[in-house]
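Here is a short briefing on one protein chain. Look at the sequence and the 3D view first.

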Amino acid sequence: MKKQLITTSMLAALAAPVAFAEESDVIDPSDLTRVYTQAALFVTSDADMRASAMFTGAWTEDIQFAGFVEGNFGNDKAKVEGKDKLGLDYQNGRAQYFQVHAMDNPLMPRVGISTDLIHMNGEAGELKGSGFDDTTLLSIGAIALINPKYTFGAMVFPNLAYTTGNVMGKSADGFMANLFVTQPIGDAGAFIQAWPEYFKVTGDVVEMESKAFNLMFNAPIKQNRTQWLMTKLQYGSADIVTPDGKEYEGDVELKAEIGVKWFF
């Protein structure tokens with residue numbers, strides 16, 4: 001039985017961290033502490049679809065914000081049959097508020113805080129007809145940009161979040177940790193981004209844990225960088241203990257994703 005890997009950083013189309021980019025700035029999504037008004041559409045190797053959108057603004061010159069929403073959709077009937085087909089059955093979604101602060105700090109020039117509301121359909125995909133309640137989690141986290149002066153020119157972003165809520169209707173809490181590393185390629189804007197990801201929540205009768213390593217290659221399609229090709233590979237697994245006490249150990253899987261992101 002395949003498991004859904006919960007991701008917050010997000011992020012990852014994730015990524016939803018931010019700092020504000022002035023109109024004169026060159027669009028640079030490689031920096032997770034820069035945010036732009038945007039929309040994106042992705043398709044995965046198991047035929048799921050993900051749509052996302054972000055809007056941005058500023059409270060002051062040094063404090064900016066972003067709102068982010070995304071939804072994942074698939075084909076429940078095909079998943080039950082073990083097939084990969086496109087579909088519009090709701091699987092899970094996320095809404096995030098992100099706020100970034102410019103810091104007078106040579107080590108961490110920008111620090112952001114985020115609040116995520118994550119929802120997973122308890123009967124999506126292979127769980128269709130299981131009778132499980134939905135999973136709803138609130139995650140509060142922080143991310144920082146380490147000055148590239150101290151990281152050999154690469155951009156490094158540690159990210160940690162506390163998570164609490166209901167897993168399949170049962171109370172649980174835990175944490176999520178990521179370490180994003182971004183390396184530009186050439187002068188056209190293309191970049192590689194890699195990060196390990198760990199997530200775990202536990203309760204009296206439920207438990208959910210996932211481990212993954214992610215690798216992205218992204219490049220602009222248009223010269224003005226308003227349209228980008230986004231690709232991602234995720235290698236990981238997820239284990240779960242359901243409310244009825246059953247334990248499921250997920251197989252390690254390689255999942256690919258490709259999409260297009262538009263900046264406005």
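Predicted model: local features only at pLDDT ≥ 70, side-chain atom pairs only at ≥ 80, totals over all residues.

Residues are numbered from 1 along each chain as its sequence is written, and side-chain values use heavy atoms, with hydrogens and water left out.

**Salt bridges**

- Side chains of opposite charge can pair when their charged atoms come close.
- A salt bridge here is a side-chain nitrogen of Lys or Arg within 4 Å of a carboxyl oxygen of Asp or Glu. The count comes to 10 salt bridges.
- Asp48 and Lys79 form one of them, at 2.9 Å from N to O. This pair links distant parts of the chain, 31 residues apart: Asp48 is in the loop between strands S1 (38–44) and S2 (49–58), and Lys79 is in helix H1 (residues 76–80).
- Helices (H or I, at least four residues) and strands (E, at least two) are DSSP runs, numbered from the N terminus.
- Asp48 counts as buried because its relative accessibility is 12%. Buried means under 20% relative accessible area, exposed over 50%, and partly exposed in between (1.4 Å probe, protein chains only).
- Arg50 pairs with Glu70, with the closest N and O atoms 3.2 Å apart. Arg50 sits in strand S2 and Glu70 in strand S3 (residues 63–74).
- Asp116 pairs with Arg94, with the closest N and O atoms 2.7 Å apart. Asp116 sits in strand S5 (residues 110–120) and Arg94 in strand S4 (residues 89–102).
- Asp116 is buried, at 1% relative accessible area. Arg94 is buried too, at 4%.
- A network of salt bridges links Arg50, Glu70, Arg94, Asp116 and Glu257.

**Nonpolar patch**

- A nonpolar surface patch covers about 830 Å², and its residues include Ile185, Phe213 and Leu254.
- Patch residues have over 30% relative accessible area and no salt bridge; like charges are joined within 9 Å, nonpolar side chains (Val, Leu, Ile, Met, Phe, Trp, Tyr) within 5 Å.
- Accessible areas come from the Shrake-Rupley method with a 1.4 Å probe; for residues, only the protein chains shown count as cover.
- Strand S10 gives the most to the patch, with three residues. Phe213 lies in S10 and is partly exposed, at 43% relative accessibility.

**Positive phi angles**

- Most residues other than glycine have a negative phi.
- Phe152 has a positive phi of about 60°. Phe152 counts as exposed because its relative accessibility is 84%.
- Met168 has a positive phi near 55°. Met168 counts as buried, at 8% relative accessibility.
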